[in-house]
Amino acid sequence: MRARDIGLFAASGRTGALNAIVDVPGVAVGHVTRIAGDGPLVVGEGPVRTGVTVVVPRPEPVALNPVFAGIGRLNGNGEMTGSHWIEESGLLTSPIALTNTHSVGVVRDALVQVERSQRSGSDWWSLPVVAETWDGLLNDINGSHVLAADVWAALEAAGASGAGRAATAAGAGPAGSASRAAGAGPAAGASRAGGAFPVGGAAGVVGAGRVGGAIGVGSAGGAGGAGGAGGASRVGGAFPVGGAGPVAEGNVGSGTGMICHGFKGGIGTSFRIVGGSAGDTDGEAQGDTGGEALGDTGGEALGDTAGGVGSYTVGVLVQANHGSRRRLVIDGFPVGLHLDESVVPLPGGDLPEGMGSIITVVATDAPLLPHQCRTLAARTALGIGRAGGVGEHWSGDLSIAFATGHSDLGRGGRSGTAGRSGTAGGSGSAGQAGSSGAPDRGSSGSPTRSPEDRARSLADPPDLDTDHREAAGAGPLMVDAGMLVALYEATVDATEEAIVNALFAAETMTGRDGITAHALPIDRVRELISGQSG
């Protein structure tokens, strides 16, 4: 169930076939859900209600073909690794991974191993992006249940071709073992790193020391309760590749144990088409894309199927674990005031009202520059506010926006120019030069420029007075101010709807110590908003 299934957000802009972040061409999402055990909390044993979600910006490794990106912050009680370098360089050079607060390290290290498998030589560094929210009310968050192999499985589920297998081949440990790091020894049992010290809490975890037989890539999915309360860890939900299928929402992946505005929360997503030949960004029916499916993973501009030249797309994915019950607003209606704890019980615990966090990922195929990506990320706060979030002191409300409208950024040359992988112009990698693979003192986030590149740029500077879509065949450069405002509006609308979709998809979940997060009662919401009940 999603918000538009009961007629909400009907006037909130044009959406794609899936109304999901994967409607942005080339973007993919993968989940791994870990659910096991019931009853009292036993640290290291469970109950387990957690997982990993990855957002992949391009079909090819983003380490070798980065995208421009920017970071936003509503309140800073949270973590997003790699964010300082994005602010400095303007480049995103890794998939974006989401998980729980205490699993950031293992997820980050797993992404380093993936990049290691994609590069030759050693003259590079990796600063992957991993963001978190706290699922400790339902989950054994201190039990170290998220494994590197879960990250690799999520990447495989997202269609990051061979990511898990390549990471294994790079020495990171077989996917069926227990996520060993470069021959560091078995995770189940000694759990030693090079024989030097034990990894606290990783050994002896029930069901967490292995992946083989415990994690399977699911294709049917379902947003809520994926895996079942007593089930062994498995990939929860369907996974789309370039818009090929719906994104699982609610109790799935990194959203498995999350709580939103006092109801069960988790993963939610939404999408907008901006501009087009008619310039209409309002009031179109959901899924109206000129009659064509959006499953084309070849990167074709969506403007060809959704309104003509000059249209772009914006997709948002949220991990919603924030907000107080009393402030919840859905499509302009103060639902939280009508569904207080006397109607639907709160999960309980001694936590302050509004404690939690929300991570927002924004993707667009518009050719934005890094500073424009930052402004797009900042606008997610307005969507959060529309739904009732206020960025409480205890909340980590962080966002990242990336733009896929430029290519070959790691090469140091101009977007859209010649010199792709294997050519004399460069490999598309920020850390390698030419087809020989010889290092050019660059890194995964530090593109260098040859004297020839610099001379060419001086002799042929970008003409910013030409059409914002293309300039003299050089590829997309930047959008104009009018289009940027439309992208802001789309981002705000999609963020608000993604939060509500997370609430609609989530199902009631009981976690550690019998604590229960109840699902939003959708029938009651329908009655309230339609005016059938006071």
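Entry on terms. I call two strands paired if DSSP finds at least two bridges between them. I also keep in mind that this is a predicted model.

Entry on β11 and β12. I looked up how strand β11, residues 356-364, meets strand β12, residues 395-403, and found nine bridges joining them. The two strands run parallel. I then picked I358 and asked which residue is its bridge partner in β12. The partner turned out to be D397.

I traced the strand order as β4-β3-β12-β11-β10-β9. That makes an open sheet of six strands, and the pairing is mixed.

Entry on the helices. I followed helix α6, residues 370-386, and saw that it lies across β3 (67-76), β11 and β12. Its direction is at about 35° to β3. Next I turned to helix α8, residues 481-505, which packs on the sheet and touches β9, β10 (311-321) and β11. The direction of α8 makes about 155° with that of β9.

Entry on the overall picture. I counted up nine helices and 14 strands for the protein. Of its 534 residues, 57% are buried. Among contacts between residues at least 6 apart in sequence, 75% join residues at least 24 apart. Lastly, I jotted down an accessible surface of about 19100 Å², with 53% of it belonging to carbon and sulfur atoms.

Notes. Residues are numbered from 1 along each chain as its sequence is written. This is a predicted model: local features need pLDDT of at least 70, side-chain atom pairs count only at pLDDT 80 or more; totals for chains, interfaces and linings use all residues. Side-chain values use heavy atoms; hydrogens and water are left out. Helices (H or I, at least four residues) and strands (E, at least two) are DSSP runs, numbered from the N terminus. Contact means heavy atoms within 4.5 Å. Axes are lines fitted to C-alpha atoms, for helices over the stretch in contact, and angles run from 0 to 180 degrees between N-to-C directions. Buried means under 20% relative accessible area, exposed over 50%, partly exposed in between (1.4 Å probe, protein chains only). Accessible areas come from the Shrake-Rupley method with a 1.4 Å probe; for residues, only the protein chains shown count as cover.
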